[in-house]
Amino acid sequence: MQTRTALEGFDFFTGVADSLVASLIEELSATGEYIPAAREDLAVGMASGAYLAGRRPCVLMQNSGLGYCLNPLTSLNLIYRIPLLLIVGWRGHDGADAPEHLVMGRHCRALLEQVGIPVFVPGPGGLDQAVAQAEGRMRSDRIPAAVLIRPGVLG
Amino acid sequence: MTTREAIGIVARELTDELVVCTTGYTCRDMQAAADRAANFYMIGSMGCAASIGLGMALSSPGRRVLVLDGDGALLMGLGVLPMVGTLKPRNLIHLVLDNGVFASTGNQPTYSRSVALDSLARAAGYSVLKRAETAEELKRGWGEVRSQAGPIFFLVKCRPDAGQPMERVRLSPEAITDRFREAVGVAH
């Protein structure tokens, strides 16, 4: 339950399955808080609707899904000032992964930063601090912020 | 009935519903028919109107949420149908203005000409299915669904409007968010 406490500022969870954030999805599913989406853009849409209705949403996904939600992130969240916390499993972070993860693995951080979404990359034990930093930017700029999760960070 | 006429019929009977309008002329026609603080004009992110409405409906169970979707927009993200059909928010009305084309970009055809979108919604598990092909059917059906428990899928067959489009959405995206959240009663 350590991971959930890092996310105490959030009350709406959706996303698409990923092995690097699987433990968090399990934790949130056990409490009935997690609503799975069919694809990452639908997760971003649903979370944005929740924000508009007063919730504080968090979206979980693998970095391979970032492409699907780049359109809503840029033409909805950034311009409408709809903040979301994105918890993103970072496949291919060190270039040693299955081939389908290598291109996005190499470029996802720069891709997010290029469109104006701040990125935080915690080490083991650093999730609380990374989430707090992301929340700071979400509050001050009213934009989405991403926390990239490498292997071992969520246990 | 044209798409704009259909939007006008729906808009006239609105009370306190939260309304999500899909990208393009739907936003502009809704603004012209009934500009309300509880309208969310989604000018970008085509294909996300239904998922936004689903998130709203789950988060505001005391408010009715109406999604004004389009056939082309819905076909972009069909994965939302089983999500709605499974989560079953009773307060969600998913109304699809089905004119068979991408009207805002010059009437290029969509696949709704060969696939009945309400049959997909039925398979996905929506609680109520309704279809209107004339203005009279829409008026009657819209009156009926507003007292029914959802999720409701309402397919409205219409034809694209001819002539000049209505004025672009006047508010900035950020102002739309602020006005909408205020209408919902969210503190800043």
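Analyst: The radius of gyration is taken here over C-alpha atoms, and the globule rule is 2.2 Å times the number of residues to the power 0.38. Keep in mind that this is a predicted model.

Start with the overall form of chain A. For 155 residues, the rule puts a compact globule near 15 Å; chain A has 14 Å, so the value agrees with a compact globule. The C-alpha trace of chain A spans about 40 × 35 × 30 Å along its principal axes. Of its 155 residues, 52% count as buried.

Next, the fold. Chain A holds 6 helices and 6 strands. Follow the sequence and you read α-β-α-β-α-β-α-β-α-β-α-β. Now take the contacts in chain A with a separation of 6 or more. Residues 24 or more positions apart account for 72% of them.

Now the part you asked about. Here 25 residues of chain A are in contact with 29 residues of chain B. Two elements of chain A each give two or more residues to this side: α3 (40-52) and α4 (66-80). Helix α3(A) gives the most, with 9 residues. By type, the residues on this side of chain A divide into 15 nonpolar, 6 polar and 4 charged.

The nonpolar core comes next. The largest one has 107 residues. Residues from both chains are among those with the most contacts inside it, including A:Ile87, A:Val88 and A:Ile149, along with B:Cys21, B:Met42, B:Leu68 and B:Val156. Helix α3(A) gives the most to this core, with 8 residues.

Leaving out residues up to four places away in sequence, B:Val156 touches B:Ala6, B:Leu95, B:Val96, B:Leu97, B:Asp98, B:Ala132 and B:Leu138.

Finally, pick one residue in a strand of chain A. A:Val119 lies in strand β5, residues 119-120. Is A:Val119 buried or exposed? It counts as buried, because it has 20 C-beta neighbours inside 10 Å, and 20 or more is the cut-off for buried. Beyond its neighbours within four places in sequence, A:Val119 is in contact with A:Arg109, A:Leu112, A:Glu113, A:Ala146 and A:Leu148. For a sense of distance, take A:His93: A:Val119 and A:His93 are 26 residues apart in sequence and 14 Å apart in space, C-alpha to C-alpha.

Notes:
Residues are numbered from 1 along each chain as its sequence is written. Chains are lettered from A and ligands numbered from 1 in the order in which they are written. This is a predicted model: local features need pLDDT of at least 70, side-chain atom pairs count only at pLDDT 80 or more; totals for chains, interfaces and linings use all residues. Helices (H or I, at least four residues) and strands (E, at least two) are DSSP runs, numbered from the N terminus. A residue is buried if 20 or more other C-beta atoms lie within 10 Å of its own, exposed if 12 or fewer, and partly exposed in between; C-beta atoms are placed from the backbone. Two residues are in contact if their C-beta atoms, placed from the backbone, lie within 7 Å. Ala, Val, Leu, Ile, Met, Phe, Trp, Tyr, Cys and Pro count as nonpolar, Asp, Glu, Lys and Arg as charged, and the others, Gly among them, as polar. A nonpolar core is a set of buried Ala, Val, Leu, Ile, Met, Phe, Trp, Tyr and Cys residues joined through C-beta atoms within 7 Å.
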